[in-house]
Amino acid sequence: MLHRAGDGYVSIDAGRFVAERIPDATFVELPGRDHFPYVPPTDELFDALRTFLALGDARVESSRRLATVLFTDIVGSTERAASLGDAGWKQLLDAHHTEVRSHLARHGGHEVDTAGDGFFATFDGPARAVRCAEAIIEGLGELGLPVRVGVHTGEVEVIGGKTGGIAVAIGSRVAALAGAAEILATQTVKDLTAGSGIRFDDRGAHVLKGVPEAWRLYAVEGDSTIS
């Protein structure tokens, strides 16, 4: 039983009344005000019909693409916030956000999410992400804000405009293992940036929580050229 929430001809309660008296019926409330099914919006209506006919969801906005993910996090943020107080911490956090966003814009990064004192961004190439991470660490260092950064390249899944997938989880786990003012990257990033002038220091294999197998991680050497 399909019924538009704002139907001016038949009340939604009447639709529910009918659905309750049909064996195994499912009542689906649709957006809109018009009684006639051919009047927009119609996407949800046809989705429900396809599901009923076992044709599946024809509007699954899902795509997979190769991307480099970057995660940042302020080291010791809880202690710093406690020492500054709410007003002082908010002011410093605003400066942090402005600084990070300026480097993302400069290096072609796309801000996906901001959670408190950390950023999640994507790039179309690993070298850009590493250069951006170096610039972020240098810029925030001048503000007295040490950050840790994790970088990984892999296939991400974009569903309804939201970026997710195992590559995102790996990037987040790698960032959590980095130290203050340190950029940790996966083997994939190291391999794909060959010839870029970026140098890495082998940090060995690590087990990432919730991620299969061990992952070899590398720290970006601090004297890599920032551009």
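**Notebook: helix α4 and its neighbours**

I looked up the contact between two helices and found that His96, Glu99, Val100, His103 and Leu104 in α3 meet Cys132, Ala135, Ile136, Gly139 and Leu140 in α4. By class, I noted six nonpolar, three polar and one charged residues in this contact. The model is predicted, and I read every entry with that in mind.

**Entry: geometry of the pair**

Two packed helices are described by the angle between their axes and the distance between the axes. I took both. Helix α3 covers residues 77-106, and its axis comes within 9 Å of the axis of α4. The two axes cross at roughly 150°. Angles over 145 degrees count as roughly antiparallel, so α3 is roughly antiparallel to α4. I also checked the hand: the crossing of α3 and α4 is right-handed.

**Entry: α4 itself**

I checked the span next. Helix α4 runs over residues 126-142 and has 17 residues. From its first C-alpha to its last it reaches 25 Å, close to the 24 Å expected at 1.5 Å a residue.

Is α4 mostly covered or mostly open? I found it mostly covered, with 12 of its 17 residues buried.

I looked just past the end of α4. There Gly144 takes a positive phi of about 75°.

**Entry: His96**

His96 lies in helix α3. Its relative accessibility is 0%, so His96 counts as buried. Which residues does His96 touch, not counting those up to four places away in sequence? I found Ile74, Asp117, Phe119, Leu140, Leu143 and Leu145.

Ala181 has a positive phi of about 55° although it is not a glycine. Ala181 sits in the loop between α5 (166-177) and β8 (182-186). With 48% relative accessibility, Ala181 counts as partly exposed.

Glu213 is the other entry. Its phi is near 65°, a positive value in a residue other than glycine. I placed Glu213 in the loop between β9 (200-207) and β10 (214-220). Is Glu213 buried or exposed? At 69% relative accessibility, Glu213 counts as exposed.

Note on methods. Residues are numbered from 1 along each chain as its sequence is written. This is a predicted model: local features need pLDDT of at least 70, side-chain atom pairs count only at pLDDT 80 or more; totals for chains, interfaces and linings use all residues. Side-chain values use heavy atoms; hydrogens and water are left out. Helices (H or I, at least four residues) and strands (E, at least two) are DSSP runs, numbered from the N terminus. The expected span of a helix is 1.5 Å times one less than its number of residues. Buried means under 20% relative accessible area, exposed over 50%, partly exposed in between (1.4 Å probe, protein chains only). Axes are lines fitted to C-alpha atoms, for helices over the stretch in contact, and angles run from 0 to 180 degrees between N-to-C directions. Angles under 35 degrees count as roughly parallel, over 145 as roughly antiparallel, 65 to 115 as roughly perpendicular and the rest as oblique. A crossing is left-handed if the near helix is turned anticlockwise from the far one by less than a right angle, and right-handed if clockwise. Contact means heavy atoms within 4.5 Å. Ala, Val, Leu, Ile, Met, Phe, Trp, Tyr, Cys and Pro count as nonpolar, Asp, Glu, Lys and Arg as charged, and the others, Gly among them, as polar.
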